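The points are numbered and may be read against the sequence and the model.

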Amino acid sequence: MSAGLRPAIIIDSGIIRGTGKPRNNRHTYRQIRRAVESENQTLYLPATMYEELGGDPSKVPSGTDWIDPLIEEGWIDIAPKVSGDASASFSSTTTQRGKLRHAVDHAIRQEKSGDESEWEDTAMAGLADRVLSNAQAARVIIHTTDEPAQKGINRVLAAKWPGYVRTYFHHPHEPKTRFRDPRYFRW
Amino acid sequence: MANDFAADDSRGTDDDAAGRKPRVHGLQTYFRVFQNPDLSRVYYRARDGPITVPTLREELGLSKSSAYNYIDELVDAGLFVKLEESEGATQYTATEWTLTIEVDGESLTMGPLTALVVANRTQYPSIDRVIEEHGLEALQECITEARAYDRGETTTRQFAADTGLSYGLAFEVLAAIAELFGFESAEDPMTDTDAPDDQVIDAEVDLSELERKDDPSEDEDAGNAPIGLMERRRQSGGE
């Protein structure tokens, strides 16, 4: 693999929820960790999803048994908060990243039925945008457990970053077996 | 309803009795399908197409004697019908059924999908919690919404909102149902070639307004900082 195409890997909190708490799934996480580390990778969660798992992003690790043991092992990390105001709108938002998150929110809502906000999911797209804008990585791979989010995120990021992002959708029970395969952590 | 019949209905005519082959000889197997995970899986598997003893052994990992026992039980109860042999093994096909319970004028109709999920309540504590705390109706709502999720029509958060469960419990029960029903997603990712060329999402959002420019003023990060908070701390020598 070319070092120049090394991706940053962003995961949804659903990947962790679907795999279960580390203390009850030691063997599974050991296998996933092996696959992640064989690619010399780290998995990143947006700060808002850390909160969703009971964590406090201002103090990582903050004592949530959903993910802190994995963070302490050093192969999962939390990215700082992505800017953007959920209560604003696409047209009223002036920053590019806030606009992008609203565009993703619209695109996700178009894919699904129901009005529930998907603002948390837009953080994955916002983080991808930040990583690419800042050249913190050359490519981004996103793993989510929401198919409408996969489609919405893909649609918006493909417009802004064509060819730089790959987006996977997994049912909640799939990562625990799939993620033994390092190909999910490689461009 | 034309197919409806009630056990206490004494008005049934002799014509009905003569024209209809008796099918229900007992209720025990119906109840057992809600209680025994393997029996439930055997029935559920047969809904996808005819099964044989070797398919059950191979796909469900059952012993030969268990496979025979479950098939015999389902045939006796009228839930399986014997077909002709294929490659030396007898084939069986599943008969559709539902079970309706009426309580106080309210009715609850359950079928094989609910049976499979209920039968696995011991293996999946989230299923047990939904039944205990919210009832079978709520579990059926979860099954309906889980199937919408499998079709890509809903998200995990929407699932929680629509079923009225807490997000944590909703997610767990969705994962349990997805595993039991064998939901599968594509193994390959979406890329830019999968996205529509249309820049307009709706009346408000035009993607061409998203410019790809480096605007350091709005970047939360310095360009060369590591992505993760722990990485930053390690780099700055903290801890």
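1. Thr64(A) lies in the loop between α3 (47-52) and α4 (68-73) of chain A; helices (H or I, at least four residues) and strands (E, at least two) are DSSP runs, numbered from the N terminus. This is a predicted model, in which local features need pLDDT of at least 70 and side-chain atom pairs count only at pLDDT 80 or more, while totals for chains, interfaces and linings use all residues. Residues are numbered from 1 along each chain as its sequence is written, and chains are lettered from A and ligands numbered from 1 in the order in which they are written.

2. Is Thr64(A) exposed, partly exposed or buried? Thr64(A) is partly exposed, because 18 other C-beta atoms lie within 10 Å. A residue is buried if 20 or more other C-beta atoms lie within 10 Å of its own, exposed if 12 or fewer, and partly exposed in between, with C-beta atoms placed from the backbone. Not counting residues up to four places away in sequence, Thr64(A) touches Leu53(A), Gly54(A) and Gly55(A), where contact requires C-beta atoms, placed from the backbone, to lie within 7 Å. Between Thr64(A) and Tyr184(A) there are 120 residues in sequence and 26 Å in space, C-alpha to C-alpha.

3. Glu111(A) belongs to helix α5 (residues 96-111) of chain A. With 19 other C-beta atoms within 10 Å, Glu111(A) is partly exposed. Neighbours within four places in sequence aside, its contacts are Pro148(A), Lys151(A) and Gly152(A). Thr122(A) is 11 residues from Glu111(A) in sequence and 14 Å away in space, C-alpha to C-alpha.

4. The largest nonpolar core contains 62 residues. A nonpolar core is a set of buried Ala, Val, Leu, Ile, Met, Phe, Trp, Tyr and Cys residues joined through C-beta atoms within 7 Å. The residues with the most contacts inside this core are Ile10(A), Ala103(A), Ala128(A), Val140(A) and Val156(A). Helix α6 (residues 119-133) of chain A gives the largest share of the core, 7 residues. Which residues does Ala103(A) contact, leaving aside its neighbours within four places in sequence? They are Phe90(A), Val156(A), Ile201(B), Val205(B), Leu207(B) and Leu210(B). Another core, of 43 residues, lies apart from this one and includes Leu79(B), Leu116(B), Val173(B) and Phe183(B).

5. Chain B has 11 helices and 4 strands. Of its 239 residues, 28% are buried. Among contacts in chain B with a separation of 6 or more, 49% join residues 24 or more positions apart.

6. Helix α6 (residues 112-119) of chain B is mostly covered, with 7 of its 8 residues buried. These are Pro112(B), Thr114(B), Ala115(B), Leu116(B), Val117(B), Val118(B) and Ala119(B). The buried residues of α6(B) pack against α2 (28-33), α3 (37-46), β4 (106-110), α7 (125-134), α8 and α10 of chain B.

7. The axes of α6(B) and α8(B) are 10 Å apart, at an angle of about 110°, so α6(B) is roughly perpendicular to α8(B). Axes are lines fitted to C-alpha atoms, for helices over the stretch in contact, and angles run from 0 to 180 degrees between N-to-C directions. Angles under 35 degrees count as roughly parallel, over 145 as roughly antiparallel, 65 to 115 as roughly perpendicular and the rest as oblique. Leu113(B), Thr114(B) and Val117(B) of α6(B) meet Leu139(B), Gln140(B) and Ile143(B) of α8(B).

8. Helix α8 (residues 136-150) and helix α9 (residues 156-163) of chain B have axes that come within 10 Å and cross at roughly 150°; α8(B) is therefore roughly antiparallel to α9(B). Here Ala138(B), Glu141(B), Cys142(B), Glu145(B) and Tyr149(B) in α8(B) meet Phe159(B), Asp162(B) and Thr163(B) in α9(B).

9. The axes of α9(B) and α10(B) come within 9 Å and cross at roughly 110°, which makes α9(B) roughly perpendicular to α10(B). Thr156(B), Arg157(B), Phe159(B), Ala160(B) and Thr163(B) of α9(B) form this contact with Tyr167(B), Ala170(B), Phe171(B) and Leu174(B) of α10(B).

10. Between the chains, 45 residues of chain B are in contact with 61 residues of chain A. On the chain B side, α9, α10 (167-181) and α11 (229-235) each supply at least two residues.

Technical notes:
Two residues are in contact if their C-beta atoms, placed from the backbone, lie within 7 Å.
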